[in-house]
Amino acid sequence: MNTVTVRIPMPLRSYTGGADEIAVEAATVRQALEVLGARHEGILNRVIDPSGELRQFVNVFVGARNVQVLDGLATPLAKGDVISIIPAVAGGHHDRLRPMAR
Amino acid sequence: MTVRLPRDLRHVLECWARENYPQEACGVLIGRQTDSEVAIADVVHTRNLNIERARDRFELDPGDLLRAGERAFGLGLDVVGIWHTHPDHPARPSETDRARAWEAWIYLIVPIRKGAVGEPRAWRLNGSGFVEHVLKS
């Protein structure tokens, strides 16, 4: 087990009481996220889907590298690693429906 | 909630909107958020990964978002939102915007029609819909 830091993006801080960083003990990315989820109810469901894989609209980086190009959730962690949860951001003006502002 | 966008940063966004027209441009808003205000202190232009539909869609490069977050962290600031342009379309969120929006972030939309930049508007997802916030310099 290594002490690593998980950085929480603003849209998910409602689950962490506003904290932008959480230190956890973990050997892999999956363990780190599960420890995070055990401490902060609800956040794990926003990152991992029911099948146990990363959700489509969430990216996870270890340092500067996306875990997609590493070993995914099995990516091993070293002491001091920084894990960043990065929301997938998209949009655009194309709209067959009316705008949804209110 | 008031969103403050200094004039110089607004000018930067307008330049990027014109440079990319008629394609959409997108990026990150860096700043500080309090209970009553989001103060934008820096803007970042990121890559649009949706090359095939760049005229009406954007997909922000997650690596660029990571780097913007690190830049913000180094400045003692935060990623407080996302900006993007609406070429030849009003500065109102579309259903596409709503479907992919994240709560807590400000979504700043910069309209540009026939190459002329219009008034940007600031929105934030609240439940299932967007709420507009006052934009000041």
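Trainee: Which residue in strand 5 of chain A is the bridge partner of A:Phe61?

Mentor: The partner of A:Phe61 is A:Ser84. Strands are DSSP runs of E, at least two residues, numbered from the N terminus. This is a predicted model, where local features need pLDDT of at least 70, side-chain atom pairs count only at pLDDT 80 or more, and totals for chains, interfaces and linings use all residues. Residues are numbered from 1 along each chain as its sequence is written, with chains lettered from A and ligands numbered from 1 in the order in which they are written.

Trainee: In which sense does strand 3 of chain A run to strand 5 of chain A, and how many bridges join them?

Mentor: Strands pair if DSSP finds at least two bridges between them. Here strands 3 and 5 of chain A are antiparallel, with five bridges. Strand 1 (residues 2-7) of chain A pairs with strand 5 of chain A in the parallel sense, over three bridges. There A:Arg7 has A:Ser84 as its bridge partner.

Trainee: Why is strand 5 of chain A largely enclosed?

Mentor: Buried means 20 or more other C-beta atoms, placed from the backbone, within 10 Å of the residue's own. Five of the six residues of strand 5 of chain A are buried, so the rest of the structure largely encloses this strand.

Trainee: How many residues of chain A are in contact with chain B?

Mentor: Contact requires C-beta atoms, placed from the backbone, within 7 Å. On that basis 24 residues of chain A touch 35 residues of chain B.

Trainee: Which strand of chain B is joined to strand 6 of chain A?

Mentor: Strand 4 (residues 58-59) of chain B, running antiparallel, through two bridges. A:Ala90 has B:Glu59 as its bridge partner.

Notes:
Two residues are in contact if their C-beta atoms, placed from the backbone, lie within 7 Å. Helices (H or I, at least four residues) and strands (E, at least two) are DSSP runs, numbered from the N terminus. A residue is buried if 20 or more other C-beta atoms lie within 10 Å of its own, exposed if 12 or fewer, and partly exposed in between; C-beta atoms are placed from the backbone.
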